[in-house]
Amino acid sequence: MRTLSPRKRAVNGITIALSKGRIFEETLPLLAAAGIEPLEDPETSRRLIIPTTRKEVRVVIVRATDTPTYVQYGAADIGVAGKDVLLEHGSDGLYQPIDLRIAKCRMMVAVPAGFDYAHAVRQGARLRVATKYVNIAREHFAAKGVHVDLIKLYGSMELAPLAGLADAIVDLVSTGSTLKANNLLACEHIMDISSRLIVNQAALKLKRETLAPILDAIARVVEQ
């Protein structure tokens, strides 16, 4: 008896790509409004594919930066990704119908306390800036006419100025407590960030009968 590949088995169902942590937790009430509740907690489960209360719907747990890729190539029908991820890693071929207004934070430039960032910019100084958001930072500083050398990092950005690697960092800021604990100050606002619902365009056409009620239910909750 021939068995179907996982890809074939998923064709008639709905796959939702989510990342662990804040996005997953804040997405749960939105999914619940659409009658979808994961049967396991990804923080405690070892499974990366989690069934839900609707047998035709499953949740796949991926890295936040991989969510757009899974949706773009159809491995997931819908997903939730931060505006920062979509801008930094690209969102070609993705439909973004809803700003979910969750996982809110700000993209900021931060410097060590005592560093006169405004003066350095006015004087035309060439700054070294550490960030994981190289594309966003490049566009921001280019628009301002500020000369920077961008240093790509993947770990804690706050360490870079403290170790003398960079003059400033570009990073997400929520409460600002981590910056304060490391004697850093947010000195320039780049943009507000929240998470978006993203949809595979082919799935929107081929699975409209199943997807549309889910999207509508989530949209109604967001608008409340």
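# Questions and answers on a predicted model

Modeller: The protein has 10 helices and 11 strands. This is a predicted model, in which local features need pLDDT of at least 70, side-chain atom pairs count only at pLDDT 80 or more, and totals for chains, interfaces and linings use all residues. Residues are numbered from 1 along each chain as its sequence is written, and side-chain values use heavy atoms, with hydrogens and water left out.

Biologist: What makes a stretch a helix or a strand here?

Modeller: Both are DSSP runs, numbered from the N terminus: helices are H or I with at least four residues, strands are E with at least two. Helix α6, for example, covers residues 134-144.

Biologist: What are the overall dimensions of the protein?

Modeller: The C-alpha trace spans about 70 × 40 × 30 Å along its principal axes.

Biologist: Why is R196 called buried?

Modeller: Buried means under 20% relative accessible area, exposed over 50%, and partly exposed in between (1.4 Å probe, protein chains only). R196 has a relative accessible area of 18%, so R196 is buried. Of the 224 residues of the protein, 43% count as buried.

Biologist: Why does N135 count as partly exposed?

Modeller: N135 has 33% relative accessibility, so N135 counts as partly exposed. This residue lies in helix α6.

Biologist: Where is R196, and what does R196 touch?

Modeller: R196 lies in strand β11. Contact means heavy atoms within 4.5 Å. Not counting residues up to four places away in sequence, R196 touches G79, V80, A81, K83, L86, Q96, I98, D99 and L100. K83 and R196 are 113 residues apart in sequence, but 6.6 Å apart in space, C-alpha to C-alpha.

Biologist: How do you know that E158 has no salt bridge?

Modeller: A salt bridge needs a side-chain nitrogen of Lys or Arg within 4 Å of a carboxyl oxygen of Asp or Glu. Lys and Arg count as positive, Asp and Glu as negative; His and the chain ends are not counted. For E158, the nearest side chain of opposite charge is K132, 8.3 Å away. E158 is buried yet has no salt bridge. Its place is in the loop between β8 (148-152) and α7 (159-162).

Biologist: What makes a group of residues a nonpolar core?

Modeller: Such a core is a set of buried Ala, Val, Leu, Ile, Met, Phe, Trp, Tyr and Cys residues joined through side-chain atoms within 4.5 Å. The largest one has 29 residues, and I16, L100 and I218 touch the most other members. Its largest share, 6 residues, comes from α10. Apart from it lies another core, of 19 residues, among them C105, Y117, A120 and L127.

Biologist: What makes two strands a pair?

Modeller: Two strands pair if DSSP finds at least two bridges between them. β2 and β3 are joined by 3 bridges and run antiparallel. I49 stands opposite V60 in β3.

Biologist: What is the strand order of the open sheet of 6 strands?

Modeller: The order is β2-β3-β1-β4-β11-β5, with mixed pairing.

Biologist: Why do β2 and β5 stand at the edges?

Modeller: β2 (49-51) and β5 (94-99) each have a single partner strand, so one side of each is left without a neighbour in the sheet.

Biologist: Which strands of the sheet does α2 touch?

Modeller: α2 packs on the sheet, touching β1, β3, β4 and β11. Its direction makes about 145° with that of β1. Here axes are lines fitted to C-alpha atoms, for helices over the stretch in contact, and angles run from 0 to 180 degrees between N-to-C directions. α10 also packs on the sheet, and its direction makes about 35° with that of β5.
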